[in-house]
Each structure stands twice: as structure tokens, then as C-alpha cells.
Amino acid sequence: KMMQNVRLAPESNEDDLYSGYNDYNPMFDTEDLENDVAFQQAARTSHGRRPPVTAKIPGTSSPRPLATGFGAGFCSVLSVMKMSFTKKINDGVSRPMTAVQAAGYSKAAVRGSSFDPLGQPRGPASPLEKKTSDSLEEKMRQLEKKVNELVEESCVANSCGDLKLALEKAKEAGRQERELLRQREQIAPPESINLDLTYTVLLNLASQYVANEMYAEALTTYQVIVKNKMFSNGGILKVNMGNIYLKQRNYSKAIKFYRMALDQITSSHKQMRIKIMENIGVAFIKTGQYFDAISSFEEIMSISPNLKAGFNLILCYFAIGNGEQMKKAFKNLIEVPLEVDYEDKYILLNDDLHTNLLIEAIKNDSLSQIERERKSLAEEYIMTAAKLIAPAIETSFAVGYDWCVDVVKASHYVELANDLEINKATTYLRQHNFNQALETLKMFEKKDSRVKSAAATNLSFLYYLGNELEQATNYADLAVNSDRYNPAALTNKGNTVFANGDCEKAAEFYKEALRNDSLCTEALYNLG
């Protein structure tokens, strides 16, 4: 309506519009502006367009002229309306929102573009700029990577048994690491040196020298590490130096370095300290210093008892002839915990199929094999110790054996008691006391099959030597029937058959013994 009340000439300009208004001077109705569609549209599109009074004229440094009075206000409204309508007609693009420029939105609208409030990328990111390998820092980084690769290759070659190649790789890693160290010192302070890499290279080189039995070079390399105060844990490598001196049979120096290493290891590393004390005790035994060795082994048995330390302690007491201490040490050896489950857990249950399947599955797995090996080692230590101390702890070896048998029977090594009894009979044989041997062996005729087979085999052997073929045959049959897989029993049975003139049948028994144990040289000799 406002534009209709203004009469414009066909070629009028903005100045003519202003002068026409001054000439016409119409009256406007402001009561119905809320229902005026054109006015409301003009008001909505002109929101925020009027600049502040302090704004500059675009393209100049002059301030905008201040409009005053009713006419000025009306001209401003007309100017806004004209600019709004003219821009719509000219480009057909809605006026941008300039009130939100501070939020980061662009005021230049593009035809067909969509509004993206999250500012997400409109396409793939530009590729990363490739690092140039010309910089000194990049060269050092690559050199450090090469050193690590050489150390790893050296360790792999050592594990594969190629000791010469392992040493060559270790030496090359040392040369590359020294070159890296020289370059880094030129551009960085000493604090930036990679001490871990230096320590790794030197330790691997020393280890490869030891593997190649180049002990002098290994000791020199270890000395470089130990004397460098920047390596906080270098002192523990004195253990390795002690091991080298022990291999060279320089026991005094080995003990010295073991003790120096022991002083630098805290009590929190209990197992490491125990291993070092074991080495010290062994070195003392080598030098004949049994009392010093006893001190080391007794300390170990009081802190964390183990089979090796307990057995070595018995050896020391045997060397000095202390029978009472031998008895005490033997009891301590038997009481050493093995940390294994015994055969009771592998007994099959008749009514539980699922449990039986599980038991069969774990009966021969790797963990069960480790348990059997550990138990076998313990039995070997105990048997050897009993045979060693039995003649020394009492007035006669028979009384000593009886004491050892009683101690073993009271422990969880009950089966060893029977083996000790058979060993007692074997000792009688060595002393040519055949009657005592026979009496001892006949005690096992009512024992379990394994022990019965061993005793019957020895009895058959004794009667065969005494030319009592009938008794020898009877006990040979008893031994074979008790344990068909006992090669000694089969060999003795073949001997009795051979003595009776049946060579073909004797050969069959010898062959069966060899099938059960290919290392049974007696059966092989007799078969030949």
C-alpha cells in the first residue's frame, strides 16, 4: 500500500522519489500494520539490515549520515523495501543471515548448497604430507630401528643354534649403535641418549661372546656395563660374570662376584637371591670349604627349601662326617614340597562318564608330564641320599637302611621304601652275603606286582648263579607273570630256558625283552 501511494515517473530515480514524497506528503494508517502482509514481509526480511549509527559507508571511511524526523524514518523503510525487492528480482537468492556471523557461518550463500550445522567435511581429506628422509633426526630414527632389528636377528640366530651368525649380528648392532650415539651427541644434549638401547646392545653382545666361549671378551663387555653408573640395574650382571669364572674354575673370583651381586639385589627378589646363594654354595664345595657351603645351603632351606639345596646340604654333612646332621638334612629333603598332585587324582570313577573323560584327557598332558618328571627327580635325590648316608649314620649299613626306610614310609614317598629294601638286598649281594640277600628279597613275594617282579628277578638271578635251575625257573616265571614288560625278568627266563637246552624258545624271550627295551644289552648279547 505504501508503494502504491507513491507516484513515480517512468524514469524517476531515488532523488525523484524523495522529492515526490516531499511534494505529495500523504498520510499513512498505522493501526492495521499487523494484518498488512507486504509490511510484515518487508519487516521480516529487513531484520538486522539497518546498520548502527557508527557504521561506515561501504568502501569509504566516512560515517553514514544520521537521519532525523519522520521523513527520514519513512525513507529508510522505503530504502530497505526497495533493496529487498530489487535483490530478490535480480538474483533470486534469499538474503544471507548476517546476524549469526559470529557463530562461524558463511554469509555467502551458494545456489543449491545445503546447511551443515556440524561443519562436516564435504569430501576426502587431502593426503598427508610425506616426511622427507633428508633430516638428521629422521636418519637417526631409521638407524635406531636398524639397530633393534640387528639385535633381534642376533637373538633369533642364537635360538636356532647358529652361534657364529648371532655373534656377527651382535657386533654389527654394536657398530651401528656407536654411530647413532655420535650423531645424536652432535644435535642433542647427553640426556637424550637412549640408554636402554645401549644396554640392550651391550648385553646381547656379551651373551653371544659367552655362547661362543669367548670368555675374555664377554668379561670385558660386562665390565663396560657394570662400571657405567647410568645403568641403574647393571650390577646384577655380576652374576653372569661369576658364572663365567665358575666355568673357568676360578672359584674364588666366582664367589666374589656372586657376593657382590647378592649385595645389590633386594630381598623382594627372593628367588634370584636363592639361586645366587646356591651358586655360592656349589663354588664352596668345589673349593672344599664345606662349612661355608653348609651356611649357604642352610639359609636356603630356612627361606625356601628345594631339592637341590637339600641334597647338597646332605653331601656337605657327609663330607665332614656328621651323622646326626645327615639324618636331620635327610628328613628336611623328604619334607620339601613338590607342588604336584599325586596319582590319586588320575583314578577313574566308574559312575561318572564326564569326569572319566576329563581324567583321560589330562592324564598325559604337558602339565602331567612335568609333575611326573618333578616327582621322578625327587625320588632320585632321595634314593641317592639314602644309599649315601645309610652306611654312615649307624653302626652298620643294614641299620642305616632300616632307619631310612622307616623315614620314607612315614612320608608320601611310600613306594620308595620298597625300592630301598631291594637296594638293601643288592648291597648284600655286593658284599657276597647271599643268605641275607635271599631273606630280604623273599619278603617281597606278597607285595604288589612291580616290586614282586623286581624281587623275583633278583632271586632268579641268585639261584641261577648257584646252579639251582629249578628255583631259578620258578622265580623267573614269577617275575614274568608279575610284570610281562620287565626286560630283566624276560632275560632271566630266557637264561633258564637256555640252560635247559631250548635255544629257540630262549631266543624268543630275548627278542621279547629287546622289544620292551631296545637298550637291554644283556638280552642282545645272549641272543647273539
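The model is predicted: local features require pLDDT of at least 70 and side-chain atom pairs pLDDT 80 or more, whereas totals for chains, interfaces and linings use all residues. Residues are numbered from 1 along each chain as its sequence is written, and side-chain values use heavy atoms, with hydrogens and water left out.

The protein contains 23 helices and zero strands, both taken as DSSP runs numbered from the N terminus (helices H or I, at least four residues; strands E, at least two). Of its 528 residues, 35% are buried, where buried denotes under 20% relative accessible area, exposed over 50%, and partly exposed in between (1.4 Å probe, protein chains only). Contacts are defined by heavy atoms within 4.5 Å. Among contacts between residues at least 6 apart in sequence, 50% join residues at least 24 apart.

Two packed helices are described by the angle between their axes and the distance between the axes. Axes are lines fitted to C-alpha atoms, for helices over the stretch in contact, and angles run from 0 to 180 degrees between N-to-C directions. The axes of helix α6 (residues 195-211) and helix α7 (residues 215-227) come within 8 Å and cross at roughly 160°. Helix α6 is therefore roughly antiparallel to α7, given that angles over 145 degrees count as roughly antiparallel, under 35 as roughly parallel, 65 to 115 as roughly perpendicular and the rest as oblique. Residues making this contact include Tyr199, Leu202 and Leu203 of α6 and Tyr215, Glu217 and Ala218 of α7. By class, the contact of α6 with α7 has 12 nonpolar, two polar and one charged residues; Ala, Val, Leu, Ile, Met, Phe, Trp, Tyr, Cys and Pro count as nonpolar, Asp, Glu, Lys and Arg as charged, and the others, Gly among them, as polar.

Helix α13 (residues 323-334) packs on helix α16 (residues 397-409) at an angle of about 30°, with the axes 10 Å apart; the two are therefore roughly parallel. Lys327, Phe330, Lys331 and Ile334 in α13 meet Trp403, Cys404, Val407 and Val408 in α16. This contact of α13 with α16 comprises six nonpolar, no polar and two charged residues.

Leu527 lies in helix α23 (residues 521-527) and, at 30% relative accessibility, counts as partly exposed. Beyond its neighbours within four places in sequence, Leu527 is in contact with Ala507, Tyr510, Lys511 and Leu514.
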